[in-house]
Amino acid sequence: MAVTGAWWSGSATVAGAIAGGVLSLFPGSFPLAFAAESEPAVVDPGFTESIAPLLAARCLGCHAADEEISGGLRLDLRDGWAQGGDSGPAIVPGEPEQSLLVRAIRWEAGAPQMPPDGKLAPEEIELVEAWVRRGAHDPRGGSVDPRPRLLPGQAEGMTAAEGRRFWSVAPLADPTTPDVADPTWNRTPIDRFIRARLDAAGVRPQAEAAPEVLVRRISEDLIGLPPTPEESDAFVAQHARDADGAVADLVDHLLADPAFGERFGRHWLDLARFAESSGGGRTLLFKDAWRYRDWVIAAVNADLPYDRFVVPQLAGDLLAAEATDPAAVGADLVASGFLALGPTNYEEQEKAQLRFDIIDEQLETIGRTFLGLSIGCCRCHDHPSDPLSQADYYGLAGIFASTRTLFNETDNVARWMTRPLPEPAEIASRRAVIDARVALLTAERTKVKKEIADAPSGAATATPAMERLVEIEAELGRLGGELPPRPTAMAVEDHTTPGDTAIRVRGVEKNRGRVVPRGLPEVFATHLAIPAGSSGRMELAAWIGSAESALPRRVIVNRVWGWLLGRGIVPTVDNFGASGEPPSHPELLDWLARRFAEQGSRLKPLVREIVLSRTYRQAVAPPSEPDRGLWSGALRRRLDAEQIRDGLLAAAGRLDRTVGGLSIVGAGEIDANDTAAQTIEYGYVFDDVRRSVYTPAFRNRRPVLFEAFDFADINASSGGRQASTVAVQALFLANDPFVVEACRAVAARVRAEAVRDDERLDRAFRLLVGRQPSAGERSAAVDFLVRAGSEPEAWAVLCQSIVSSPDFRFLD
Amino acid sequence: MFSTIVPAGITWSRRAALARAGCGFGAVAWAGLHAGTAPAASGPHLPRRAKRMIFLFMAGGVSQVDSFDPKPRLTTEDGKQMPFGDLRSLAKTGKSPPQRVMKPLWKFSRRGESGLWVSDLFPEIAGIADDLCVVRSLHTEGIAHGPATLFLHCGATTAVRPSLGAWLDYGLGTENTDLPGFVSLSPSLGNGGPRNHGTAFLPPIHQGTPIGRAGLPARESGIRNLVSPRGGPLAAAGRGLLAGIGAAQAAARPGDAELEAVIAAGELAARMESVAPGVLDPAGETAETLALYGIDGGPADNFGRQCLLARRLCEAGVRFVQVNYTDNSNNPAWDQHSDMPKHALHARATDRPVAALVRDLKRRGLLDDTIVWWGSEFGRTPYAQENGTGRDHNPAGFSVWLAGGGFRAGHAHGATDDFGHHAVVDRVHMHDLHATLLAALGLDHTRLTFRHAGRDHRLTDVAGRVEGRLFA
């Protein structure tokens, strides 16, 4: 620096300060700290007299040690502004126009507005500008902590090396099935793991549930519907002769029912935050989302191996590019819609932010769904408890930054990508002919229009050109109606120039840090070999689907266990991190994961193995026996919203079992960005009688029943439902027209199917709660019938009282 | 005591909660109706200034420079092209063309003893100026309605987060036994729709109960499924039958708290059926009160009914009532992009009822511990949009006001720049407003947390500052 110290006279003050010390701040008598370097510090008197007091008064409240250090920027040290905060160096000496600090105090567009509690006076701004222009001399020493903690006292998370030993990430163990004292109890190896722990704790398991209880439980668990009284009778009769055979036959029968895909597919749709509109700000209709829903149901029914289930959802577009069979191409494209189903705010005006919000949502969903990890935490900082760093996050984010999810993203309201689906050859060839003709006519129309426009004014009104234009318009109109619109799917595609992305410091899109290579989080110790020109989604998907990947395997088998038994072996089914709960039976969890792979990584054999077990078939323990988390009995569970609705419709004899297809009335013909699409959502009358999985899944408008009975949050990936007990549920069951009408239909059926009142009573209870009435229930009902008469409406009230009673909602 | 922390993942069973609660099923069933299974760990964190709140949501964005923030330079420079940094243009293109300054369409005057400035847009609200604490330096996130409306209600533009009302219900529980703790009157389905009164990851019991919906006249609005489709002896016999069946089922499983909670919820529903219709029905109000609110078939009739109902719900012990002046469109009510004079239409519909609500609460002695909060998701630009006759959105600086609840009356806080564009003096971010409102209700925004997806979440995320200067 060429400036000499000749005019500097602050030595007394400086000499009294200690290098690296924290400043005490008194404007006017500013004690300075400076580095004990060999060269004498050179100070512009302007700093001491005007800049230091200004900093003290207006900046250091937030930008100094002992404060939260907003934006990571310290202004109490020279190094503080030189090194800068999240947004880089704050001052470029000599260059006020390039100094973020100057731009910030001017409140320039694109810069932070500082100080936030009120702009500096113009003369104060000029002082700072002048000081920066003169070289921003600042005598204060001390060094900035190279790694400032984000929050005071924040705990450090696990390192990647520690994470590799953590129970959820460690390689799958190969446990031997334990020996137990009473091997006759066992039905599948699962039971040995459970019984060994029970024996060790001195706890006896419950006996097998009563057959009429068991048939209702298995039927609700596997297909989400109650058994008919006739199915129940058949099961009970067979069970008396051969309990194991009866259970096995029932399970095989239900696994082959398309309704199995509807039930287990629905579980997956909760995880996929499946919805048919975007919700968020300006909700837009996802008119093609049903194809994804149907793909999931079909995939579950076809029992695709887990890898073949996972890969299309994360990289189906890439599979489709390689596939030749049109059906496979279509299915793969549709499956990739998984990535596009989020609650995106398409009208977000900062489009870079919008792109990043989508990536973040995709990572959060993928993390929870497949890995049981809240990756989203690392958008802004290293994970506070799990072995995930911000670099890990941006390594994954690069994969999705290399993926196009948005279409016309700079529009005021952007859109998701849609891709045309293959059509049957005959239609495709007709469409090709029509498209060629349309292209020809469109070109000609442009030419003819120009001809008309160029004609000298005053020419004849009906020139040949005008006549030709009329003909062209007519033909185009006719061609437009020849075929239905080309079917499309929500899908994604790789970016034309895929590449790595930069860390966004503190998660702020504009604050770019270093670029990190795409790949898996370090804790997984696996290198993804991403070919040049590819996003890396295919490699990521293959890793998640692989039987060699311990964490995703544990997550999926635990989910299946939880769906069937009401609680996971890891109770926090979406959180396999350090803040989640550990597995109650770690050996069983790993055994199931290995068994799953041995059986082709297919869902149905796993379900069968669990349902056939003694563990699953136990009776519910009485309330007096506490649940120790050891499976000494079945858990009493609630029916979920869909089971309540579908069960009522089934009992009423009204359930339409049609599988699949577009179910939003009016959505087929409409452009999703048309405001009329919102009218469809807002004005929708939910009056269909199909299974609930097909009920239009709008984000801003839910059926009352779904809201009242804890349907999963349709905006986020969710591995389990809540079970609340609220008055609106009772009001719904007592007064909602849907329930009233369904119960009238059940009553009519009961009256038609039995003659004597006691037979009708039995029938009503069996249709609605799967059992005969108890003596107490029977006597209450008889009292009622005596008082109310045996008219149709009295029977409707009786049926509705059963529906409103606790047992209707519980599954034993 | 219940813990405020529910493990991430799922509440599979209430039994665990019951065991922790150390109290009988009655308490849980009670809570299950509206207060929820997880009330605040130790009651209010801070001394309470207010017990309840009414939020009058003026959807679409009322213009601050036409209502509460007088800017003489807009008049002296009217018509001039000037280099404003238009936020929407900057967000999309990084550039901002010059804009035409547009003067206020309504005359400003000093009002009341306090001399607070209010324009002729709101003649009735001008009459309660001495009760208002106007925040002229609010700023927020989100340039479009959807993101900004979600930010106003949930403190996040995109991420799915619980609404303010759900946080309050979670933090404070309910004060009554027959009604929900959080009610939203005539909410919109648009711009976030149910998320604006939703719970996201908080337990579903804290969900706001909508009464009516945007577009449905207030007089036809009610709580869903409150009225039995049957009356007379058959309904009475049916209630007896349900009680008998429930008793038989409870006897078969003695000590099953979950089952008993279901029965208790049913009993509470029955109480709601008998109590709520009386609260919703304004038949007992005097002609003078109806006239005060503008309930006379005129332009203020509909919003007048909503404001009157808000008072009645507060009297019945509802903690937080949001009154929505909105519709279901993407450009709701006050969104005058091309026709500023249309603000007068919305003023005619809301001015009298809003002033009446404050006056009515005051004369009933309720204003002291009831916060009335009036405001939009953002304000409007001081310049004409695309040189036309309307104003575009402005989240950078706008005005809201608070009345009652211990806020400083007859006071204006903070300032925008000379044109009313950016908040510049004593700025209050929406996170700060949320923190301040929570503080007024006795909650520390940094301690009102819920663990989800591995971390503790707050309404104010990692920001927010209580602006103590707003308190009297």
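Visitor: To start with chain A, what percentage of its residues are buried?
Guide: A residue counts as buried if 20 or more other C-beta atoms lie within 10 Å of its own, as exposed if 12 or fewer do, and as partly exposed in between, with C-beta atoms placed from the backbone. Chain A has 812 residues, and the buried share of them is 50%.

Visitor: Where does all this come from, and how are things numbered?
Guide: This is a predicted model, in which local features need pLDDT of at least 70 and side-chain atom pairs count only at pLDDT 80 or more, while totals for chains, interfaces and linings use all residues. Residues are numbered from 1 along each chain as its sequence is written, and chains are lettered from A and ligands numbered from 1 in the order in which they are written.

Visitor: Over which residues of chain A does pLDDT stay under 50?
Guide: pLDDT is the predictor's confidence in each residue, from 0 to 100. Chain A has a mean of 87, with 91% of its residues at 70 or more. Where pLDDT is low, the predicted coordinates should not be read in detail. In chain A that caution goes for residues 146-155, where pLDDT is below 50, and pLDDT also stays under 50 over residues 1-42.

Visitor: How many helices and strands does chain A have?
Guide: Both are DSSP runs numbered from the N terminus: helices are H or I with at least four residues, strands are E with at least two. The C-alpha trace of chain A spans about 115 × 100 × 55 Å along its principal axes. Its tally is 32 helices and 10 strands.

Visitor: Why do the buried residues of H10(A) line one face of the helix?
Guide: H10 of chain A runs over residues 243-255, and its buried residues are Ala246(A), Val247(A), Leu250(A), Val251(A), Leu254(A) and Leu255(A). On the other side, Gly245(A) and Asp252(A) are exposed. An α-helix has 3.6 residues a turn, so residues three or four places apart point the same way. Down the axis of H10(A), going by the directions from the axis to the C-beta atoms, the buried residues line one face because they fall within an arc of 155°.

Visitor: What is the radius of gyration of chain B?
Guide: It is taken over C-alpha atoms, and the globule rule is 2.2 Å times the number of residues to the power 0.38. For 472 residues, a compact globule would come out near 23 Å, and chain B agrees because its own value is 23 Å.

Visitor: Which helix gives the largest share of the side of chain B that touches chain A?
Guide: The contact takes 81 residues from chain B and 87 residues from chain A. Elements giving two or more residues to the chain B side include H8 (232-252) and H9 (257-280). The largest share, 14 residues, comes from H8(B).

Notes. Two residues are in contact if their C-beta atoms, placed from the backbone, lie within 7 Å. The expected span of a helix is 1.5 Å times one less than its number of residues.
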